[in-house]
Amino acid sequence: MHQSQSKGKAAEILFELLCMKKQWHCCKPIADFMHYDYIVDFGDGVFKKIQVKTVFYDKKTKQHRCDLRKNKNGTKNKEKYSQGDFDIVAISVEINSWLLIPWDSIKSNTEIKLSDKRIKNEPIWTVSFDL
């Protein structure tokens, strides 16, 4: 398993822990080819499709970034997500700290820099929990 795949799987497990801690109802699709990782009921009875992502540190730009593209057919080629692929992206910032960003706030962006001014005024939920 590639290092980024292992990091992604670890983030998915941490997201499941976050859901348990927050008492959100979380379901993982059996099919691994969906454009989202989970379906979550945040307690309001409305189900949302969640795409889990991680951040990486870009040594060149000295910024923490999150790639918002999907792998294409299991290759290194990546493509943009489309409207309807997911409702919320859940970005694992640290082991117990998350950014939950609605699709409407990111739309066709292919990455987010955690210092990015575009996301500072958008409806973002910062969620953390005690381990």
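Which residue in S3 is the bridge partner of Tyr38? That partner is Ile50, and the strands around this pair are a handy way into the fold. The model is a predicted one, so local features need pLDDT of at least 70 and side-chain atom pairs count only at pLDDT 80 or more, while totals for chains, interfaces and linings use all residues. Residues are numbered from 1 along each chain as its sequence is written, and side-chain values use heavy atoms, with hydrogens and water left out.

First, the overall picture. The protein chain has three helices and eleven strands, where helices (H or I, at least four residues) and strands (E, at least two) are DSSP runs numbered from the N terminus. Read from the N terminus, the elements go α-β-β-β-β-β-β-β-β-β-α-β-α-β. Of the 131 residues, 35% count as buried; buried means under 20% relative accessible area, exposed over 50%, and partly exposed in between (1.4 Å probe, protein chains only). The accessible surface comes to about 8,500 Å², and carbon and sulfur atoms hold 50% of that (Shrake-Rupley method with a 1.4 Å probe; for residues, only the protein chains shown count as cover). As for contacts, meaning heavy atoms within 4.5 Å, residues 24 or more positions apart account for 48% of those with a separation of 6 or more.

Now back to the strands. In general, strands of a sheet pair through backbone hydrogen bonds, either parallel or antiparallel. Here, two strands pair if DSSP finds at least two bridges between them. Strand S1 (residues 25-27) runs antiparallel to S2, joined to it by three bridges, and Cys27 has Ile39 as its bridge partner in S2. S2 also pairs with strand S3 (residues 47-54), again in the antiparallel sense, over four bridges. Five residues sit between the strands in the hairpin of S2 and S3, and Gly43 there takes a positive phi near 110°.

Another group of strands makes an open sheet: three of them, in the order S4-S5-S10, with antiparallel pairing. Strand S4 (56-58) and strand S10 (111-113) are at the edges with a single partner strand each, so one side of each has no neighbour in the sheet. On average, neighbouring strands of this sheet are turned by 40° against each other, direction ignored (axes are lines fitted to C-alpha atoms, for helices over the stretch in contact, and angles run from 0 to 180 degrees between N-to-C directions). Three bridges hold S4 and strand S5 (residues 63-67) in their antiparallel pairing, and one link is between Tyr57 and His64, its bridge partner in S5. Arg65 is found in strand S5 too, and counts as buried because its relative accessibility is 18%. Beyond its neighbours within four places in sequence, Arg65 is in contact with residues including Phe56, Asp58, Glu111 and Lys113.

Finally, the rings. Rings of Phe, Tyr and Trp (its six-membered ring) pair if their centres lie within 6.5 Å; planes under 30 degrees apart count as stacked, over 60 as edge-to-face and the rest as tilted. The count comes to five aromatic pairs. Phe15 and Tyr38 make a tilted one, 5.3 Å centre to centre with 40° between the planes. That pair links distant parts of the chain, as Phe15 is in helix H1 (residues 3-22) and Tyr38 in strand S2 (residues 38-41), 23 residues apart. Phe15 is buried at 0% relative accessible area, and Tyr38 is buried at 1%. Ring pairs also bring in Trp98, giving a cluster of Phe15, Tyr38 and Trp98.
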